[in-house]
Amino acid sequence: MAKTTLLDRRTALKVVGGAGAAGLALRAFPTPAIAQGAPVKVGFMLPYTGTYASLAKNIDNAFRQYVSEKGDKLGGRTVEYVTVDDQADPSKATDNMNKLVDRDKVDVVVGTVHSGVQMAMVKIARETGKLMIIPNAGADAATRAACAPNIFRSSFSNWQPCFPMGKVMAEAGHKTAITMTWKYGAGEEQMAAFKEGFTKAGGQIVGELWVPFPEVEFQSFLTQIAEKKPDGVFAFFAGGGAVKFVKDYAAAGLRKSVPLYGPGFLTDGTLQAQGEAADGLKTTLHYADDLNNPADKAFRAAYQKRYSAEPDVYAVQGYDAAALLVIGMDAAKGDITAKDPLYAAIHRAKIDSPRGPITMSAANNPIQNIYLREVKNGKNVYVKVAAEALADPGTGCKMA
Ligand code: BEZ
């Protein structure tokens, strides 16, 4: 027995004969009981540098805020944080995840932001059975075909914030649209979701523009939009890239002639830097700056006090990732190896989130409201509920 528990995961994979069998076979190796007095090791794998750095910081900040509001305990145990900067780089994702799982031996991985990095993490989480909470990346497959009982998401699927905008734009009288995004998993899935909603509502996509990730040279693409003159543009960029895109769009003089829309990532956490270039932009997302429910008011006030900064959707997702973990660890009485009560409690969680109520779908993805917002005076102001309690279809998810 003791011998098998000392095997590291790579050796174990060889012993059981390859990656295909790995997920099931590894769960057969007993895990040593963790002394209840030892701290719970939380591993953050986030892009602390690069175009998504502000997203990482806000997720990390608000996660710690929630744990601190609960007395800095998870199921009665103290908490130790380990951080890895994944740089939003899929080519380094497997090594980075292995560092947390094999070297640092974290109890739970909280990550990440970028969908491509996420899918490498999903593979390892499935192989090892390590508990993973996704605090941003929308990769649809993570809670569809690649779903697993140990993988939970506190954010959204790429489909969720984009599908409802199709109807919103069609109802605004737009018959044609061009899509524009970074060319990687998140961009592709978000554009497909918008296209689904827009064509279903009678609209037509007349052009698709793809920018290599994480490049921010937009000029030649904006020239194509000016030449084609669609009724509207639907675009996904986030973080530093969204700041530059919205400013370039306004500077190109397109704002009045071709209205710009997008999922709320285009204007969340970016408004201060975008300034008046963002005025009037309409976006759909699972958060707005003025929801004014009691949970949101308390969350925003505490975040401002602690960090002297305004929270955004990424902070909300980090905060709710911690809420899910607290619920699970309380149910498991601090024993992270007690997977049945741990996972059952997270799966059944009902959270009174700053974004409004959330529950988990069968595939462990949040069921949540999607709001239409409009930028006014530097805020993403609530306009209406674009889709109430929207669940991702969860297509292909078969829980083991
Ligand atoms: C993603 O890669 O899934 C993603 C990144 C930033 C904002 C939204 C989604």
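What is the volume of the largest cavity? The largest cavity has a volume of about 90 Å³, taken as the space filled by probe spheres set on grid points that are joined across faces, edges and corners. This is a predicted model, in which local features need pLDDT of at least 70 and side-chain atom pairs count only at pLDDT 80 or more, while totals for chains, interfaces and linings use all residues. Residues are numbered from 1 along each chain as its sequence is written, and side-chain values use heavy atoms, with hydrogens and water left out.

**Cavity**
- A search of the whole structure finds 1 cavity of 30 Å³ or more (a cavity is a set of points, on a 1 Å grid over the protein atoms alone, where a 1.4 Å probe fits but cannot get out).
- The largest cavity is lined by 16 residues, of which Val113, Asn136, Phe156, Tyr184 and Phe236 are the closest to its centre (lining residues have an atom within 4 Å of a point).
- This lining divides into 11 nonpolar, 5 polar and no charged residues (Ala, Val, Leu, Ile, Met, Phe, Trp, Tyr, Cys and Pro count as nonpolar; Asp, Glu, Lys and Arg as charged; the others, Gly among them, as polar).

**Ligand**
- The ligand sits in the largest cavity (more than half of its atoms lie within 2 Å of the grid points).
- Around the ligand are 16 residues, and Val113, Ser115, Gly138, Tyr184 and Ala186 come nearest (a residue is near if one of its heavy atoms lies within 4 Å).
- The shell around the ligand holds 10 nonpolar, 6 polar and no charged residues.

**Ligand oxygen distances**
- In the side chain of Tyr184, an N or O atom is 2.5 Å from an oxygen atom of the ligand.
- For Ser115, the distance from a side-chain N or O atom to a ligand oxygen atom is 2.6 Å.

Methods: Polar contact = N/O pair within 3.5 Å; in protein donor to acceptor, adjacent residues only side chain to side chain. 1 Å grid on protein atoms, 1.4 Å probe; cavity = no way out; pocket = protein on both sides within 12 Å on 5 of 7 lines; lining within 4 Å.
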